[in-house]
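Visitor: Hi! Could you walk me through this one, a bit at a time?

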Amino acid sequence: MRGPCSRRVGKAAHPGGDSRNPPTEALVDDTEDVSLDFGNEEELAFRKAKIRQVVFGVKLGESTGFFEGEKTISLLSYWWFRDCEVSRVSSVLLPVLAWRAFHTETPAVQGSDGGSKGTFWHPLATFFHLFFRVSAIVTYMCCDWFSKSFVGCFVTVLLLLSFDFWSVKNVTGRLMVGLRWWNQIDEDGKSHWIFEARKVSPNHIAATEAEARIFWLGLIICPMIWIVFFFSTLFSLKLKWMALVIAGISLQAANLYGYILCKMGGESDISKVTANFLSQTVFQTVSC
Amino acid sequence: MAEVAESPADRGTASPRPLFAGLSDISISQDIPIEGEITIPMRSRSREFDSSTLNESVQNTIMRDLKAVGKKFMHVLYPRKSNTLLRDWDLWGPLILCVTLALMLQRGSVDSEKDGGPQFAEVFVIVWFGAVTITLNSKLLGGNISFFQSLCVLGYCILPLTVAMLICRLVLLAEQGPINFMVRLFVVVVMFAWSIVASTAFLADSQPPNRKALAVYPVFLFYFVISWMILTFTPQ
């Protein structure tokens with residue numbers, strides 16, 4: 001059991017300042033604890049291809065090598081903890097400077113299944129991400145052709161759905177888009193849901209973009225298909241399949257919801273996220 | 001700000017006082033560096049700080065989860081008061097047990113058209129909705145156990161009854177008769193008691209003392225219904 005984790009937030013001078021001590025910027029020790037206000041991002045010009053994830057908070061007033069005069073804007077995401085008190089405090093302290101280019105060292109990302117360090121392409125994970133989902137749907141639709149047994153089909157589809165849930169939650173989300181979510185229970189018996197996003201370097205943004213697209217498409221389309229199945233089962237009155245369809249919807253929707261919460265970052269207000277997204281899109285259309 | 005709001009009101013009544021009058025008495029004659037420590041709510045798991053689980057290989061993830069499931073099965077077989085089953089919940093065990101039980105409880109053969117479809121779905125629905133109902137009951141009574149933890153415990157504690165079902169099916173291969181029935185009855189009763197003991201070892205602690213019986217009796221009912229289904233099962 002770890003002891004309480006404490007972070008030194010740093011010194012902030014008296015707001016007025018005086019001649020002896022000019023006001024210093026608020027410093028944050030650990031960038032990993034930082035999350036940001038999204039307030040100023042609408043005003044900034046983003047290149048669509050470069051926009052990946054959330055902006056990093058950085059130390060101000062120091063030459064940390066974070067600022068380089070590149071013209072293209074690349075954005076970084078970062079590890080943060082949603083229910084971390086420090087991140088809420090520090091998000092108020094730092095403004096966003098997203099139109100300077102940021103360049104950080106990235107930790108080497110291990111490839112899938114024993115791939116070499118530094119590979120950002122995970123074909124096996126991509127395959128399995130889609131394989132279980134699609135085969136569950138196909139089996140559900142075509143089980144009458146292969147076997148007349150309700151039980152066999154039920155068990156097969158259920159197992160495929162369970163494997164899909166586990167692999168998307170634990171493996172493919174982590175490898176393909178660097179997002180992760182889980183539930184954790186502390187000593188008092190209270191359960192916390194934790195959502196994480198990994199920072200990515202500008203170098204491999206292009207490589208992972210295709211993967212990210214496949215990931216999100218697979219994640220969004222399959223629950224919709226299961227909802228269609230739900231209504232078809234309901235109206236054709238084949239109610240013995242209802243349990244299976246409900247299980248399918250709930251498992252896939254749970255993954256979708258978890259990853260959307262990871263992606264949204266610290267924003268718990270979905271209207272704000274939507275507003276941001278829309279304003280970015282409008283700004284790009286106008287500027288391009 | 002409070003000082004600003006108060007002073008205009010003061011101005012009208014008392015002798016005029018400058019703004020922030022009392023502030024200088026507090027003797028802030030130099031900057032106060034604000035520093036301190038902020039403690040983050042304690043994390044008892046190392047997973048999120050441990051970058052090795054972020055980049056671990058898939059095989060490690062699978063083995064880790066398999067070991068967790070196996071450990072929980074062991075905990076059910078030898079019930080001890082421990083927090084491990086509760087803290088690290090997963091629903092794989094309940095799924096496997098439910099499917100196994102439902103498969104064994106169906107009449108007719110698996111691959112034919114007249115298979116035990118309804119009984120299969122019935123077992124499934126009884127197990128999962130029963131577990132959800134007990135969990136809701138426990139939460140409404142004010143227990144401090146979370147939803148999925150409770151489902152996890154109830155699901156894993158079906159293991160003794162699944163073993164009883166296996167034994168009953170084997171016993172039913174012999175000739176039918178009162179002795180057959182007595183053997184099955186004995187086995188089912190023993191396993192039923194084991195399930196109750198195992199689950200209350202985990203669940204009862206989460207309730208305040210005067211509510212333990214209220215929280216435990218639905219568990220009793222739940223396992224009783226499953227035991228009844230097992231006992232009255234006869235193959236065609």
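Visitor: In which handedness of crossing does helix 5 of chain B pass helix 7 of chain B?

Guide: Helix 5 of chain B passes helix 7 of chain B in a left-handed crossing. A crossing is left-handed if the near helix is turned anticlockwise from the far one by less than a right angle, and right-handed if clockwise. Helices (H or I, at least four residues) and strands (E, at least two) are DSSP runs, numbered from the N terminus. Before we go on, this is a predicted model: local features need pLDDT of at least 70, side-chain atom pairs count only at pLDDT 80 or more, and totals for chains, interfaces and linings use all residues. Residues are numbered from 1 along each chain as its sequence is written, chains are lettered from A and ligands numbered from 1 in the order in which they are written, and side-chain values use heavy atoms, with hydrogens and water left out.

Visitor: At what angle do helix 5 and helix 7 of chain B pack?

Guide: The angle between helix 5 (residues 92-104) of chain B and helix 7 (residues 147-156) of chain B is about 40 degrees, and their axes are 8 Å apart. Axes are lines fitted to C-alpha atoms, for helices over the stretch in contact, and angles run from 0 to 180 degrees between N-to-C directions. Helix 5 of chain B and helix 7 of chain B are therefore oblique to each other. Angles under 35 degrees count as roughly parallel, over 145 as roughly antiparallel, 65 to 115 as roughly perpendicular and the rest as oblique.

Visitor: Which residues meet there?

Guide: Gly93(B), Pro94(B) and Leu97(B) of helix 5 of chain B meet Leu151(B), Cys152(B), Gly155(B) and Tyr156(B) of helix 7 of chain B, where contact means heavy atoms within 4.5 Å. That contact of helix 5 with helix 7 of chain B has five nonpolar, two polar and no charged residues. Here Ala, Val, Leu, Ile, Met, Phe, Trp, Tyr, Cys and Pro count as nonpolar, Asp, Glu, Lys and Arg as charged, and the others, Gly among them, as polar.

Visitor: And how do helix 9 and helix 10 of chain B pack?

Guide: Helix 9 (residues 178-203) of chain B packs on helix 10 (residues 212-231) of chain B at about 155 degrees, with the axes 10 Å apart. That makes helix 9 of chain B roughly antiparallel to helix 10 of chain B. Their crossing is right-handed. The residues in this contact of helix 9 with helix 10 of chain B divide into 13 nonpolar, four polar and one charged.

Visitor: What does UniProt say about chain B?

Guide: An unreviewed UniProt entry annotates "transmembrane region" on several spans of chain B, including residues 147-174 and 181-203. UniProt positions are given in the numbering used here, feature names are shortened, and annotations may be inferred rather than shown by experiment. In the model, residues 181-203 of chain B are 100% helix and 0% strand, with end C-alpha atoms 32 Å apart. Residues 147-174 of chain B are 82% helix and 0% strand, and their end C-alpha atoms lie 42 Å apart.

Visitor: Switching over, where do helix 3 of chain A and helix 3 of chain B make their contact?

Guide: First the geometry: the axes of helix 3 (residues 150-177) of chain A and helix 3 (residues 58-77) of chain B come within 11 Å and cross at roughly 150 degrees. That makes helix 3 of chain A roughly antiparallel to helix 3 of chain B. The contact is made by Trp166(A), Asn170(A), Val171(A), Arg174(A) and Leu175(A) from chain A, with Val58(B), Thr61(B), Ile62(B) and Asp65(B) from chain B.

Visitor: One last thing: what does Thr139(A) touch?

Guide: Thr139(A), found in helix 2 of chain A, touches Cys153(A), Thr156(A), Val157(A) and Leu160(A), not counting residues up to four places away in sequence.
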